[in-house]
Amino acid sequence: MSKIKLYYDTLSQPARALKLFLLVNKIPYEGIAVNLAKGEHFQPEYKKINPLRKVPVLEHNGTIIRESVGIFRYLCRELDIPDHWYPKDSLQQAKVDEYLEWQHLNTRLFCAMFVHYKVLKPKFAGEPQDEKMVSYAFKGMQSTLDVISNVWLKDRKYLCGDKISIADLLGVCELEQPRLGGYDVGKDRPILKAYMERVRGDLQPHYSEVMKRFDKFLSKYGDLIAKL
């Protein structure tokens, strides 16, 4: 197998998820860091790789794949990895696909939107905080977290069953993001808190490694964020 290249920044939720997948499964790859904070994803060189100017991007055998869910599915088809990540059985695979499709307009949308309007725009774009949008995103996030606790994790250890899957990699990385907005998704949600701790533990020591840049960013800007 030719070497895989992963273009990433671990401030990005799906980029963290993909890096975790490669590390946990001991898949050889070349990591190419793209610093989002410095705008490297807007440089002409990177635009040639991804005209959408986003991370992550996977390069394999001369082919570029740009969307994280598509990358996960590709890797699970092409590589010899444990079946629990993305089962070959059609019904079990459909259960994972359910979450992968649902999360785009729920977990990913509202957790990211909350951080975007509460922190990123006022702190890094210098724009006044849009209280209406912060409130909208926060309410949407609260509703999403309730659904995760009461539906996806009802009588389950993981989002799609009793074994960890790629859905959990994407899920846990999105659920970490609101910490940048000073919010802990496990607060007052014991089921969700236990789930987060379970997945973090399953993915160690790689989880702590992949979260280093995120935690450093939070440590650097945490006091400023708390004042917004």
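Reader: What is the accessible surface of the protein, and how much of it belongs to carbon and sulfur atoms?
Author: The accessible surface is about 11,800 Å², and carbon and sulfur atoms account for 52% of that area. Areas come from the Shrake-Rupley method with a 1.4 Å probe. This is a predicted model, in which local features need pLDDT of at least 70 and side-chain atom pairs pLDDT 80 or more, while totals for chains, interfaces and linings use all residues. Residues are numbered from 1 along each chain as its sequence is written, and side-chain values use heavy atoms, without hydrogens or water.

Reader: What share of the residues is buried?
Author: Of the 228 residues, 50% are buried, meaning under 20% relative accessible area.

Reader: Turning to the fold, how many helices and strands are there?
Author: The protein has 10 helices and four strands, taken as DSSP runs (helices H or I, at least four residues; strands E, at least two).

Reader: And why is it called as compact as a globular protein of that length?
Author: Its radius of gyration is 17 Å, close to the 17 Å that the globule rule gives for 228 residues, so the protein is as compact as a globular protein of that length. The radius is taken over C-alpha atoms, and the rule is 2.2 Å times the number of residues to the power 0.38.

Reader: What is the strand order in the sheet?
Author: The open sheet has the order 2-1-3-4, with mixed pairing; strands pair if DSSP finds at least two bridges between them. Strand 2 (29-33) and strand 4 (63-65) are the edge strands.

Key:
Buried means under 20% relative accessible area, exposed over 50%, partly exposed in between (1.4 Å probe, protein chains only).
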